[in-house]
Amino acid sequence: MPPSKPTIGILTGGGDCPGLNAVIRAAVKSALRLGYDCVGFLKGYEGLVDPVAYMPLDLTNTANILLQGGTILGSTNKGRFSALVGESTRVRIDPQLLAAAGETVRQLGISGLICIGGDGSLAIAQQLHEHGIPVVGVPKTIDNDLGCTAFTFGFDSAVACATDALDRLHTTAASHERIMVLEVMGRHAGWIALHAGIAGGGDVILIPEIPWTFENVCQKVLDREREGKRFTLIVVAEGARLPDGGLVHDGGGKGALGAGVVERRQVKLGGVGEIVANEVAGRLKREVRALVLGHLQRGGTPTAFDRVLATQFGAHAVRLVHEGRFGQMVCYRPPDIASVAISQAITTPATVDPAHSAVQAARALGISFGDGVDASPFGP
Ligand code: F6P
């Protein structure tokens, strides 16, 4: 029996991320003020289909969640809806699942479904939209790798965590005259490594977008020693390919895959930090330690920046539903919150441009990207 009031559905898909609850809270608060009821589907898109699982969302059960990490609705990056994006092997969702999701939306009288997720989850949202389900997207990921938005929420919190880790590693590195390697997340984008590397005073930053060599990394360590600095902080993005083009995955245990060989989304990246540490230790005969920051970057309370961004995204998503602007994703175009077609956002991945101003600033300070490019200030 459909509810008497117009109803907005909300779901969170993909990996968790600081700020998800802030989006949910903002959407519910603003939707209720416009006269909507709200329901939240559980465990991402899975909650839309057999067994349909949802909970009413109101001012009571969304109170005090602004600062909570994770998502009160649960999430999954696996399951029956998983879609692949930007790959030749792009998967279409089973038409029966789409039909079942559409039936749930119809039966519950959902006027708009707010899908909060990264590129995979938004690719699913796009397919729901093409199936006639009234969908609005909200871009979420710590990786900041979604196109058409200056920032995704969650990124700033992940950078804050990685920066804090670097601050802490700095003290041991300096006290013990060690080389410390920090491996951060980010999938195939180097945003977390770039920002945390700059904010945390890293000396070497290795990212997927800039090819690097061990010789250049070691040279930077030696250059610093010549300047009297007997420790070095190296930040490496989990998706930074080895000099031979290999992508390290599953902790390095299964070996490094060659360039172009992997189905990129299905491997669990990780292990490049340890390989960098071992290689540098072997070549320079220095003490090197590696740390994988891992899921600490995805947990905990969102930063103030992410709370504000998530709140704006949640409120704007409700506005899009209210105005019937379906198939759109909210986005941040400083200083405005705007919207863009979901189809456009998911086909425009955002990786680090090697000529990005942050890269240039880092080079001007002498930070090495392991590519041997002269770090002369304001060079080409
Ligand atoms: O996309 C977010 C992210 O944390 C990536 O940075 C990382 O590669 C991946 O998810 C890890 O996924 P999982 O938690 O499924 O291992």
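Start by selecting Asn21, which sits in helix α1 (helices are DSSP runs of H or I with at least four residues, strands are E runs of at least two, both numbered from the N terminus). Before you click further: this is a predicted model, where local features need pLDDT of at least 70, side-chain atom pairs count only at pLDDT 80 or more, and totals for chains, interfaces and linings use all residues. Residues are numbered from 1 along each chain as its sequence is written, and side-chain values use heavy atoms, with hydrogens and water left out.

Is Asn21 buried or exposed? Buried, with a relative accessible area of 0%; buried here means under 20%, exposed over 50%, and partly exposed in between, using a 1.4 Å probe and protein chains only.

Now show what Asn21 touches, skipping residues up to four places away in sequence: Ile65, Gln68, Gly69, Gly70, Thr71 and Ile72 (a contact is heavy atoms within 4.5 Å). Then draw a distance from Asn21 to Gly314: their C-alpha atoms are separated by 9.7 Å, although the two are 293 residues apart along the chain.

Next, select residues 20–33, the whole of α1. Its 14 residues should span 20 Å at 1.5 Å a residue, and its end C-alpha atoms are 20 Å apart, which agrees; the expected span is 1.5 Å times one less than the number of residues. Of those 14 residues, 11 are buried, so α1 is largely enclosed by the rest of the structure. Colour the buried ones, among them Leu20, Val23, Ile24, Arg25 and Ser30.

Finally, zoom out to the protein chain, with its 10 helices and 13 strands. The C-alpha atoms fill a box of roughly 75 × 40 × 35 Å along the principal axes. A compact globule of 380 residues would have a radius of gyration near 21 Å, and this chain has 22 Å, which agrees; that radius is taken over C-alpha atoms, and the globule rule is 2.2 Å times the number of residues to the power 0.38. Colour by burial and 54% of the 380 residues count as buried. For contacts between residues at least 6 apart in sequence, 71% join residues at least 24 apart.
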